[in-house]
Amino acid sequence: MDVLWDSDGQLSVRDVHERLGKDRDLAYTTVMTVLDRLAKKKVVTRVRDGRAWQYSPAATREEMTAATMRGSLEALDADDRKAAMLHFLGEASAGEIADLRAALTEVTEQQSS
Amino acid sequence: MSTALPVLALAALAVFASVLLPRLLPRISWLRRTPAAALTLWQVAGLTGVSAALLTAPAAALSLFGPGDSVPALTGGTVQTTVGLVVAAILSGGMLVLLLRSGHQVGRSLRSNRREQRHVVDVVASRTDGRLRVLDHPGRSAYCLPGLQSRVVLTQGAVNALSGTELEAVLAHEHAHVRSRHDLMLEFFTVLHRTVPARVRSEPALAEVHLLIELLADRQAARRVGVSAMGGALVTMAGRGHPRATLGEAAADGDAAVRIRALPGHLRFQPTVVPVVLTGVALGLLPWALLAWGLWTRS
């Protein structure tokens, strides 16, 4: 995915394999399978060029990250999806920062006394 | 000399444990001092509600239409017993089917949601370290996707804002969730919540269980990294990296404040654990004791 994001245009399986090959030893078919799966999940788009597919990312990393965050926050509101992930702190349960700081000071002082 | 008393008690217990207790327990705030014992009590309450509800019909069939029963107008006790048992089996079986169906639905939706999220964070993560994924996002957020292929997800905004020890606290908290499989507990309560009719569902009960699970993870983290690091992590994470319109203003005694105030208590033994555990044991045995009573009065 990084390879696709780093390049501007479309890449074939061979291009991706060559660029990945610099860092690690991967089989050509592995790259092909991964790209095929990503395309099915609509993370990348592909167009046929002769016999080979040309791959490009469906969205930028920033767009996808933002969408992921939105999705994880929306899950906080949906009752049946609440249990899918455990958030460190729910959005609505935060409270006033000043109050929290005061509570923490109180607690640590209590601790040291 | 059979009596309807044990059966009525079982039915009352089913209503008490599945309708009244979920409304009563969130009001007892000192239960939060011992999150593990409190969660055990909640689970026992849930199981008691289910078993009392499932046992009521068979107990009624066995004790009311048993041999030497007190309905003189009807003769042929064995036929009545058989018919009674069949009706009871249909009633209890129906309830069991509802429970299993909601369990199946909740479990499937949870797992498919998690799988989807896991695939996405694996792709978009800007940094990967073991099961940790860092997302390049300015907001402060941390969560875990529990399960066999678990992930802990942090935003870059959270990583930047947290100090070294606070970051350790957040990770310890999330690892506590993942390691102790808190998700399974939450799944159990979600299933029960969804099985009862919508009119008697109690949202505060589910919220309280959520809070207790967070308190439990806080406690495990505080024991590793200390109270001030854990508390600092809560304050930092509550501060927004970027403002987001919240749904109404958060209450002064929101979960974050409750969790911060609970921190010192996590390191001490809490004597209140004793009544909580004893209540749990008694409550758990009650439906079976009532069933035994019903069978005993039958003879």
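Predicted model: local features only at pLDDT ≥ 70, side-chain atom pairs only at ≥ 80, totals over all residues.

Trainee: Which strands does strand 2 of chain B pair with, and in which sense?

Mentor: One reads the bridges between strands. Strand 1 of chain B is joined to strand 2 of chain B by three bridges, and the two run antiparallel. Thr128(B) is opposite Arg133(B) here. These two strands form a hairpin with two residues between them, and Gly130(B) in the turn has a positive phi of about 65°. With strand 4 of chain B, strand 2 of chain B pairs in the parallel sense over four bridges, and Arg133(B) is opposite Val153(B).

Trainee: What is the order of the strands in the open sheet?

Mentor: The five strands of this open sheet follow the order 4(A)-3(B)-4(B)-2(B)-1(B), and their pairing is mixed. At the edges are strand 4 of chain A and strand 1 (127-129) of chain B; each has a single partner strand, so one side of each lacks a neighbour in the sheet.

Trainee: How many bridges join strand 3 of chain B to strand 4 of chain A, and how many to strand 4 of chain B?

Mentor: Two bridges link strand 4 (residues 86-87) of chain A to strand 3 of chain B, in an antiparallel arrangement. His87(A) is placed opposite Tyr143(B). Four bridges link strand 3 of chain B to strand 4 (residues 151-155) of chain B, which are also antiparallel, and Cys144(B) has Val152(B) as its bridge partner.

Trainee: Which helix lies across strand 3 and strand 4 of chain B?

Mentor: Helix 5 of chain B lies across both, together with strand 4 of chain A, and runs at about 25° to strand 3 of chain B.

Trainee: How many residues of each chain take part in the contact between the chains?

Mentor: The contact involves 52 residues of chain B and 36 residues of chain A. Elements that give two or more residues to the chain B side include helix 3 (77-124), strand 3 (142-145) and helix 5 (164-179) of chain B. Helix 3 of chain B supplies the largest share, eleven residues. By class, this side has 28 nonpolar, 17 polar and seven charged residues.

Trainee: Which residues of helix 5 of chain A are buried?

Mentor: For a helix, one checks its span and then its sides. The 16 residues of helix 5 (residues 97-112) of chain A, at 1.5 Å a residue, should span 22 Å, and the end C-alpha atoms are 23 Å apart, which agrees. Its buried residues are Leu100(A), Ala103(A) and Leu104(A). They cover an arc of only 100° around the axis, so they are on the same side of helix 5 of chain A. Ala98(A), Glu109(A) and Ser112(A) are exposed on the other side.

Trainee: What do the buried residues of helix 5 of chain A pack against?

Mentor: They pack against helix 8 and helix 9 of chain B.

Terms used:
Residues numbered from 1 in each chain as written. Chains lettered and ligands numbered in written order. Contact = placed C-beta atoms within 7 Å. Nonpolar A, V, L, I, M, F, W, Y, C, P; charged D, E, K, R; others polar. Pairing = 2+ DSSP bridges. Axes fitted to C-alpha atoms, helices over the stretch in contact; angles between N-to-C directions. Expected span 1.5 Å × (residues − 1). Buried ≥ 20, exposed ≤ 12 C-beta atoms within 10 Å, placed from the backbone. Arc of directions from axis to C-beta.
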